[in-house]
Amino acid sequence: MSGSTIIFYLLAAITLVSAVLAVTTRMIFRAAIYLLFSLIGIAGIYFWLNYEFIAAVQIVVYVGGIVVLIIFSIFLTQQAGEQLPKQKMGRQLFSALAAFCGLALVMLQLAQHEFTGTGNKAVEPTVANIGYQMLGVDDNGYALPFEVVSILLLAALIGCIVIALKSKPEKA
Amino acid sequence: MFNPTWAMTIEMVIAGVSVIGLFAALGLVLVLMERRVAAWMQIRLGPNRVGPKGMLQSLADTVKLLVKEGMTPDGSDKFLFNLAPYIAMMVAMLLMAPIAFAKDFRLWDMNIGVLYITAISSIMVISILMAGWASNNKYSLMGAMRSGAQIVSYELSAGLSILTIVVLTGSLNITDIINAQADGWWIFKGHIPVLISFVIFIIAVTAETNRAPFDLAEAESELTAGFHTEYSGMKFALFFLAEYINVFIVCAIGATLFLGGWMPFHIGNWEAFNHVMDYIPSSIWFFGKTFFLIFVIMWFRWTFPRLRIDQLLNLEWKYLLPISMFNLLLVTAIAILKWHF
Amino acid sequence: MFIVKYIKDIFSGIKSLLVGMRRTGYYFTHHKEIITEQYPDNRDTLVMADRFKGEVVLIHDEHNEHACTGCTACELACPNATIKIVTKFDITPEGKKKKAIDKFVYHLELCTMCNLCIVACPTDAIKMAQTFEHSVYDRAELTKILNKPGSKIREGIE
C-alpha cells in the first residue's frame, strides 16, 4: 500500500467516523465539532485529489461559515454541560431508514453507472481557469446559474435586513 | 528502500521537526521581544534578571509552564477542553505551509496560497469557541462569543485588503506575488490605494489575532482571561504560543503581500542598486520585514487604549469594510488601466 | 454634510493615533528616560525624593535635645490614633512644675504617612523621614518610642 493510499484511508476514516459520531452524540456542541471534523476530512480529500481551490472553498464556506454559524446558534440557545434527551424509538428508526435509503440510492447509481475513461486532457484547476469556466457564456460556462444564485443571495440579504429592521413606533 | 512512500514519510518528518523547532524558537524570541518592547515604551527596563540582559527569561517561563499541573475543571467537557489548544496549534502549523521564508524555500508551493491562508485561518476561531464552551465558565463563554464576532467580522476587511494585491498581481500563488514585486514592492508601486489597504490589513490582522487594542477575547480587565480562563500549565502555554505564532504568520503574510516577502529592496530599473541589494540574503529580507511588522503590531498594543465591543464592531462595519470595498474598486481600476508602476 | 464629517472623523482619528504612537516611539528610542530603580542592587546610591514620607521621627539635635512640648496636637490630629504621648512633670530649677514628654509612642503599623501630625505640630518637633525598609520579624517592634533616652526639651521652647 502506498503512502497516498494510506492517507486516503485515513481521511476517509476521519470523515466517516466523525460523521457517525456527529449524529450519535448527545451533546449538541460536540455534534457540531464532529460535523466540523467530517467537513475538514472532506476538504482533506479534495487536497489529496490536488483540487486545492475546491478544498479551500470547502473550508471557507463550511468550516469558516456554516459551522461557526451553527456554533453561534448553539451558544445563544443552549446551556453548557447539558445532554440532549434521548430520542424516541420511532424517530430513531425513521432516521436510520432515511439514511439507509439515501445510501442505497447513491450506491445504486454508482453501481449502475459505467465509468468510461476519457481521452480529453484534464483542465488545470487554476483560479483563472475556474473563473473562465464559472463566468463563461459558451458551452461549458456557468454564467447563468452563477447569476441566478447571486440573485438568490441578494434576496436573502434583503430579507435579513427587512427582518432585522426595527419597526417604527406607531403614532398614537 | 527509497520508494516514494518512504521519501514522503521522511519529507513529512523533516518538515514537521523544522516547523516545531521554528515554533519553539519563535515563541521564545517573540515573548521576550514583546516584554522588552512593552517595557521600553512604558519607560521601564523589562526582564533583566535571568541570563545576560534577561535573554533567558522566556526560557525560564517555558520551563515553569512545562512542569506546572495542567488542570481540567470539574463540569467541563473534558474531551473538547483538552482538544482545543491542540487545534489552535495545528491551525498555526498548517498556516506555515505556503509561506516563503527565503528564495525557493517553502514547504508547499500551491496555486492558491493566499486563499489557502484565508481558509485555514478561519478555523482558528473554532479552537477559541471550543475552549470557551468546554470550560463551562461564563467568562470563557463570553470571551469566546466576543472573539467569534470579532474574528468573523474582521476577516472580511482582511480578506478584501488581501484581494487588492491579488487583483494587482492576477494570481493567488505566493511565488507569483513575490516575483511581481521584483521591480519594487507593492506598497511603493501601488500608490495610495495599496497604502490604505496595507493599513486596513494591519488593523484587521491585529483584531484577528486578538491582540490589544482588540483583545476582547481575553479582556484581562473584565473577563479575567476570556476564553482561556480555565487553562493552566502546558495547555495554556499552547494557546499562548499559538497567539504569538499567529502574529508571526499574519506579519509574514503582510510582508509577503505588501513588502515583497524575501524580495530585496529593488527600484525599477536601477540595475546597479538592485544588484547591491541582492547581496543581502533573502531570508534576512524576509525576517527583517516580518519582524518590523511584528514590532508595529506590538507598538499598537502598548500605545492604544482598548476598544469596547460596540466600538470594535462599529470600526469594522462602518469604517474598515466600506473603505476597503471602495479601495478595492480603486485598485481594480488601477490594475485595469495599468496605472501602477 | 455626512460624507465630509465621515472623512474628517477618519483623518482626525488617524491623527490622534499617530500622536500616541509618536509618544511611545519617543520613549522606545530614548532609554535615558527610564526611571526604574533596580532597588536591592543600588541600595548604596539610592536617593529618595524629598517629598517621600517613610516614617515619623522626632528631631534631636547634637545635645540630645528636641522641641516637643508634649502639647498632644499631633495626637489629636492623627486620624488613626498612631501617636500616643505620655507626659510627665519635670521640676525646673526654680522649683516649678513643668509639663514635658515622658514617652512619644509611635505605632508605625497604624501610620498611613498622611503628614497631618507634621502640619499640626506648633514647634516643628517632628518630621517625616525618607526611610522605607520597615519590615521586622515581630509586630511589637513597630511600636516605637521616638524620644531618645535622656533627651530633654530644648531651652526656650514653650
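This is a predicted model: local features need pLDDT of at least 70, side-chain atom pairs count only at pLDDT 80 or more; totals for chains, interfaces and linings use all residues.

Residues are numbered from 1 along each chain as its sequence is written, chains are lettered from A and ligands numbered from 1 in the order in which they are written, and side-chain values use heavy atoms, with hydrogens and water left out.

**Exercise 1. The chain pairs**

Find which of the two pairs of chains in contact shares the most contacts.

Solution. Begin with the rule: contact means heavy atoms within 4.5 Å. Chains A and B share the most contacts of the two pairs. Next, look at chain A and chain C: no contact joins them, and their closest C-alpha atoms lie 22 Å apart.

**Exercise 2. Chain A against chain B**

Work out how many residues each chain brings to the contact of chain A and chain B, and which helix of chain A gives the most.

Solution. 
- Step one: chain A brings 32 residues and chain B brings 32 residues.
- Step two: about 2,600 Å² is buried between chain A and chain B, with 83% of it on carbon and sulfur atoms. Buried area is the accessible area (1.4 Å probe) that two parts lose on being put together, summed over both.
- Step four: on the side of chain A that touches chain B, α1 (3-24), α2 (28-48) and α3 (52-77) of chain A each supply at least two residues. Helices (H or I, at least four residues) and strands (E, at least two) are DSSP runs, numbered from the N terminus.
- Step five: α3(A) gives the most to that side, with 14 residues.
- Step six: sorted by class, the side of chain A that touches chain B has 23 nonpolar, seven polar and two charged residues. Here Ala, Val, Leu, Ile, Met, Phe, Trp, Tyr, Cys and Pro count as nonpolar, Asp, Glu, Lys and Arg as charged, and the others, Gly among them, as polar.

**Exercise 3. Chain B against chain C**

Describe the interface of chain B and chain C, and name the partners in its one salt bridge.

Solution. 
- Step one: 18 residues of chain B and 17 residues of chain C take part in the contact.
- Step two: the area buried between chain B and chain C is about 1,700 Å², and carbon and sulfur atoms give 72% of that. On the chain B side, B:Trp40, B:Ile43 and B:Leu45 lose the most area to chain C, together 37% of what that side buries.
- Step three: the salt bridge joins B:Arg49 and C:Asp41, with the closest N and O atoms 3.2 Å apart.
- Step four: the largest share of the side of chain B that touches chain C comes from α14(B), with four residues. By class, that side of chain B has 13 nonpolar, two polar and three charged residues.

**Exercise 4. Aromatic rings**

Say how many aromatic pairs the whole structure has, and examine B:Phe295 with C:Phe28.

Solution. The search finds 30 aromatic pairs over all chains. Rings of Phe, Tyr and Trp (its six-membered ring) pair if their centres lie within 6.5 Å; planes under 30 degrees apart count as stacked, over 60 as edge-to-face and the rest as tilted. B:Phe295 and C:Phe28 form a tilted pair, 4.9 Å centre to centre with 45 degrees between the planes. This pair crosses between chains, from helix α13 of chain B to helix α1 (residues 2-29) of chain C. B:Phe295 is buried at 17% relative accessibility, and C:Phe28 is buried with a relative accessible area of 17%. Buried means under 20% relative accessible area, exposed over 50%, partly exposed in between (1.4 Å probe, protein chains only).

**Exercise 5. A serine in chain B**

Is B:Ser153 buried or exposed?

Solution. B:Ser153 is found in helix α6 (residues 138-169) of chain B. Its relative accessibility is 2%, so B:Ser153 counts as buried. Leaving aside neighbours within four places in sequence, B:Ser153 is in contact with B:Leu313, B:Glu316 and B:Trp317.

Technical notes
A salt bridge is a side-chain nitrogen of Lys or Arg within 4 Å of a carboxyl oxygen of Asp or Glu.
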